[in-house]
Amino acid sequence: MSFWKQFQPGFTCLAPMEGVTDIAFRQVVAKAARPDIFFTEFTNVNSYVSEKGRQNALERLKFLPEEQPIVAQIWGTKPEMFTETAKAIKDLGFQALDINMGCPERHVVATGGGSGLIRTPERAIEIIRAAKTAGLPVSVKTRLGYSKIDEWRGWLSMLLAENLDALTVHLRTKKEMSKVAAHYELVPEIIALKNEIAPNTVLIINGDIETPADGQKFIEQGADGIMIGRGVFHNPYCFEKEPKAHSRAELVDLMRTHIALYEQNGLSPYDPLKRFFKIYINNFPGASEIRDKLMHTREIPEALAILDEIGE
Ligand SMILES: Cc1cc2nc3c(=O)[nH]c(=O)nc-3n(C[C@H](O)[C@H](O)[C@H](O)COP(=O)(O)O)c2cc1C
């Protein structure tokens with residue numbers, strides 16, 4: 001059975017998030033409540049193929065066997081680099097590969113990559129074909145269009161005609177960034193288009209979904225899976241099948257786990273770790289004062305000392 005077909009309708013994915021879904025945070029989410037599928041942060045193919053960037057690319061692609069099923073996400077603009085990187089991803093033990101065609105960040109779009117590919121569909125198609133030559137299942141994660149919502153039909157039709165193994169649609173345009181609500185009203189039409197052009201492609205819906213229960217309506221409409229990104233910041237237990245309340249002590253314990261995993265996996269420097277503290281130290285009396293203290297820490301032992309104080 002192909003990779004994407006092993007999952008039951010309603011399967012869940014943790015969205016790829018640069019600077020967030022690294023090897024440490026993915027293990028935190030696995031401990032809290034596991035999604036069916038993990039994605040890595042995106043890795044640049046230029047980086048992998050260059051001698052200078054390769055080590056960094058390999059660091060980003062590190063995963064543990066128990067994280068399977070995990071999909072490697074890559075981005076770039078040069079088809080031949082996708083072929084080379086896709087081969088390496090297969091050798092690293094990934095069972096599937098995803099191409100980013102949705103990132104709206106200026107430095108990515110300026111290179112023509114991410115959502116920039118929506119404006120160069122011929123190149124996007126060449127990239128998909130090049131990535132497929134490595135023999136791994138290939139999926140694409142994209143947006144509805146570049147600047148106008150009604151680009152969606154033409155753009156997604158072109159992608160679907162490539163017989164992708166899976167397609168994730170973040171229900172916004174590049175121009176909309178994350179500033180407007182996701183266009184849920186389009187889901188039934190997107191499903192109908194997918195069924196007409198590529199009935200075997202697995203369709204994943206993304207955008208503003210906070211829990212699997214939120215996404216259930218899309219599964220009932222005929223989508224295969226849902227993807228949650230920022231919802232995990234609001235609730236690290238968001239993938240729970242039966243949601244329950246979690247105590248302050250549990251959240252603090254999860255934060256300790258995160259810190260330990262950050263160290264164990266050799267991640268550095270310390271400051272980027274602070275961005276996660278709000279996930280755990282939130283929604284209880286005094287949380288903002290504690291967070292403020294944590295933000296002024298300069299190394300892990302100082303943060304752990306503050307957590308010890310909360311425990312007492
Ligand atoms: C901090 C951050 C980093 C992101 N990095 C990536 C990335 O590397 N690859 C990608 O395809 N999307 C990336 N995204 C977009 C998310 O995967 C997702 O499509 C978007 O957040 C919408 O889903 P949500 O409303 O569930 O968060 C990122 C989003 C955030 C907030």
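At what angle do the axes of helix 1 and helix 11 cross, and within what distance do they come? I began my notebook with that. The model is a predicted one, and I keep that in mind throughout.

**Entry 1: helix 1 and helix 11**

I looked up helix 1, residues 23-32, and helix 11, residues 248-264. Their axes cross at roughly 145° and come within 9 Å. I noted the crossing as right-handed. Next I listed who meets whom. From helix 1 I wrote down Ala24, Phe25, Gln27, Val28, Lys31 and Ala32. Facing them in helix 11 are Leu254, Thr257, His258, Leu261 and Tyr262. I sorted the residues of this contact by class and got seven nonpolar, three polar and one charged.

**Entry 2: the two domains**

I then checked how the protein is divided. Domain 1 covers 3-234, and domain 2 covers 248-311. I found their C-alpha centres 30 Å apart. Ten residues from domain 1 and ten residues from domain 2 make up the contact. Which helix gives the largest share of the side of domain 1 that touches domain 2? I found that helix 1 does, with seven residues. I also classed that side of domain 1: six residues are nonpolar, two are polar and two are charged.

**Entry 3: helix 11 and helix 15**

I turned to helix 15, residues 300-311. Helix 11 packs with helix 15 at an angle of about 165°, and the axes are 11 Å apart.

For the contact itself, helix 11 supplies Val252, Met255, Arg256, Ile259 and Glu263. Helix 15 supplies Ile300, Ala303, Leu304, Leu307, Ile310 and Gly311. By class I have eight nonpolar, one polar and two charged residues for the contact of helix 11 with helix 15.

**Looking back**

For helix 1, I keep its seven residues on the side of domain 1 that touches domain 2.

Note on methods:
Residues numbered from 1 in each chain as written. Predicted model: local features only at pLDDT ≥ 70, side-chain atom pairs only at ≥ 80, totals over all residues. Axes fitted to C-alpha atoms, helices over the stretch in contact; angles between N-to-C directions. Helix = DSSP H or I, 4+ residues; strand = E, 2+ residues; numbered from the N terminus. Left-handed = near helix turned anticlockwise from the far one by under 90°. Contact = placed C-beta atoms within 7 Å. Nonpolar A, V, L, I, M, F, W, Y, C, P; charged D, E, K, R; others polar. Domains from an automatic or database assignment.
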